[in-house]
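Let's take a walk through this model together. Keep the 3D view open as you read.

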Amino acid sequence: MTTTSEPTSATLEGCRALAERLPLERKVELLTGATMWRLIALPELGMRSLTFSDGPVGVRGLGETEGETSILLPTPSGIAAAWDLDLAREVGEAFAQEARAHGVDVVLAPQVNIQRTPVGGRHFECFSEDPWLTADIGAALVGGIQGSGVAACMKHYVANDSETERTSMVSRVGAQALREVYLAPFAAAIEAGVWSLMAAYNGVDDGVETSPMTEHRHLNVDVVKGELGFDGVLVSDWEATRRAVEAATGGLDLVMPGPGGPWAEGLLAAVRGGRVAEAEVDDKVARILLLGRRVGAFDEAPRPIVERDLAGLARRAAAAGTVVLRAPESGAPWDRPAPSTIALIGANAERPHVLGGGSSTVHPEHVVTPHEGLAARWPEASIVSERGGDPREFSPRLDLDRVPAGLAAAWLDPDGVTVREDVMSAYDGWARDIPETAVEVVLTAEVVLTEPGVHRLSVGTVGIHQTTIDGAVASTGTRRVGVDCVLDSSVNTPVGVPVEVSVDAARSVVVSSRHQVIDAAGYGRMVRAEIRHALPRRSDEQEIADAVAAARAADLAVVVVGTNEECESEGWDRVTLALPGRQDELVSRVLAEVPDAVIVVNAGAPVLLPWLDEASTVLWAWFPGQEAGHALADVLAGAAEPAGRLPWTLPASEADVPVPHAVPVAGIVDYADGVHVGYRGWERSGAAPAAPFGHGMGWTRWEHTTGEARVTAAGVEVDVTVRNVGDRAGREVVQAYVEAPASEHDRPVRWLGGHAAATVAPGDEASVTVRIPRRALETWDVRQDAWVLPKGDYRLHTGRSVRDIRGVVCVPLGEAP
């Protein structure tokens, strides 16, 4: 393409001068998405359309290619659990490789909100409850993405740490907590050069201004763009922007998605009417032009990317982040000749939960199940699988092979007149090919049931509907839904009322349901109606008894328990930390018969493990991504080191959790815990968790010797010698926690200041240097509105977790007030 006025430099000032040459109408047009994932092109400047895609665990793509698949990496908490900045950068490079393959310029990742409460719906999508670990991992991942010429969009700015009423609630956060905890990962990323940020749905009361984050001029303009020097694009979360003028003057740069929205409908008139200065528009346009320059949208040659084996990386990362909560004395649980028989037990062994719900969703070509992984590792072994009870409330999607005549769809206009009829032989519970005049659809399926026993049929849906099963009304809905059902994720896991149908001889059952067409704004028009069917089955009690018997008869028993798509998702917060169903009972009954059974927890966020002390081997495997089965087998066999350390605290009791929920009161979530978030709150209360922040045993044992501390221009350094006193090579993570001297400032009992790691052969030792940056030592003084380092003796605790301290050194620091 021939360019007429290509930017002469990749600077904000250079792009601002270019923006001023565009007609106002074109400037405004650029500031709202052209589609769900694209911006308009500017051929007059030689800039193609910029593209965006969701990305916390992989790059989903633009939705423009039917059947598009993507690599599925472990959940972000699992990546953070490795405490490995090199691995985080590799993951970022993998995002860039996938983005380039899918035609994506901006990956909506990483997610750096803080895991303030363990029930937070997107807890799994965040890195840690600690701001410094979050900042370290986030900045490394951003570097990996952007080093290949793909933009990272760090989200969700800011204090968007829970899901209940997330589009309307206000987070009330004090200035000290905001600076030291919630802004810290964003500040680190800006210092590292992040190219875009996403403004969150929620509002924030920071003591200066109370506004939605799409309109918060103090935090967006004064702090981020002014004080921190952010020169990138501040894009709205999808459908988050509500008002044109307030968002335009509040520092937002880009409204997504499009077409339509408050700027498309009102920004041009606001500028012409003098309510928004054209200079503000020019600044926004300049930032988008600069983003285009950075990602190569002006016909530049693509920046070289690191090509790697993505499946291999997913497998290695899943193993590296696996946390050993309890380990057998012998090391790896099966470091011996291959087992001849394996009992693989649990609903999550049968159907592993490999990613959380919501915008994290990607579609891998294949997910390696635990059965496939163990069979590949030990091909001669006989594997017996037992579910041990069903913890899910919803039945599986109906197999349309049971509907020989196909699923009939009659589309109705507002007068109830049929405008089109379809017959579908394939249907995944979503309908998007909708006639323009249709407002309702009637779905009819004649389902053939052949197996004797009790079948369960239902239709999971949202909005106005009526469902009839076998001649009886099963459910009705009278509330019309729109984009709200997308934003609260109810459309992803819709509720259905099951009807039990007894079958003695083969028979047909008619399922008929009438549904509104959902107008979900930028997400398009859709119908959500998932027909579900559960076959006759054994009772949970019988399944548990059979699982125990299988475990007793096997050489190796592996029990996989965890959460599922009904528990952990964007859009809502959990109401309990307990595992769903009778999974705790299953584990306890297996352990009573087979004490050396390996227990694997497949969950993204903390759950209670009342049987933890009864087990000899417990692994926390996160949502492990598409290579789940291979990674598990590698860890069990000792072929890969499970080097993970918890990036959050595992509670023993819900009653001890410092922030048990984030339910708004009169629309406000009060961050009354201040800087005492996560493990800091546990240290303040003294309560004993099931496993502390930083805990992880691996397959070997360690001794530490702590050296002297050195004050440098950048902060403090501490040398620690680690000795591997076990029988296997391993990777040790040395953690340094800061204890400040008494002062007038509210400071945690201790907090993570730095970390370092070394891989050491058995019997060998290595020296590591833990660097604690000055900013990690400082506190925000609310009276001076500045960072300060109070004078006194700082105690630096080094060890394996916040509760497993192996050495303490003292260093004088700071200035007198």
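What follows covers a helix pair and then some aromatic contacts.

A quick word on ground rules: this is a predicted model, where local features need pLDDT of at least 70, side-chain atom pairs count only at pLDDT 80 or more, and totals for chains, interfaces and linings use all residues. Residues are numbered from 1 along each chain as its sequence is written, and side-chain values use heavy atoms, leaving out hydrogens and water.

Start with helix α4 (residues 85–102) and helix α12 (residues 310–321), which pack at about 150° with their axes 11 Å apart. That angle makes α4 roughly antiparallel to α12 (the label applies over 145 degrees). On the α4 side, the contact (heavy atoms within 4.5 Å) uses Leu87, Glu90, Val91, Ala94, Gln97 and Glu98, and these meet Leu310, Leu313, Arg316, Ala317 and Ala320 of α12. Sorted by type, the residues of this contact are seven nonpolar, one polar and three charged (Ala, Val, Leu, Ile, Met, Phe, Trp, Tyr, Cys and Pro are nonpolar; Asp, Glu, Lys and Arg are charged; the others, Gly among them, are polar).

Now for the rings: there are 13 aromatic pairs in the structure (ring centres within 6.5 Å, using the six-membered ring of Trp; planes under 30 degrees apart are stacked, over 60 edge-to-face, the rest tilted). Tyr157 and Phe186 sit 5.2 Å apart centre to centre with planes at 75°, so they are edge-to-face. Tyr157 is in strand β3 (residues 151–157) and Phe186 in helix α7 (residues 184–192), 29 residues apart.

Another edge-to-face pair joins Tyr679 and Tyr737, with centres 6.1 Å apart and 80° between the planes. Trp83, Tyr679, Phe693 and Tyr737 form one aromatic cluster.

Key. Axes are lines fitted to C-alpha atoms, for helices over the stretch in contact, and angles run from 0 to 180 degrees between N-to-C directions. Helices (H or I, at least four residues) and strands (E, at least two) are DSSP runs, numbered from the N terminus. Angles under 35 degrees count as roughly parallel, over 145 as roughly antiparallel, 65 to 115 as roughly perpendicular and the rest as oblique.
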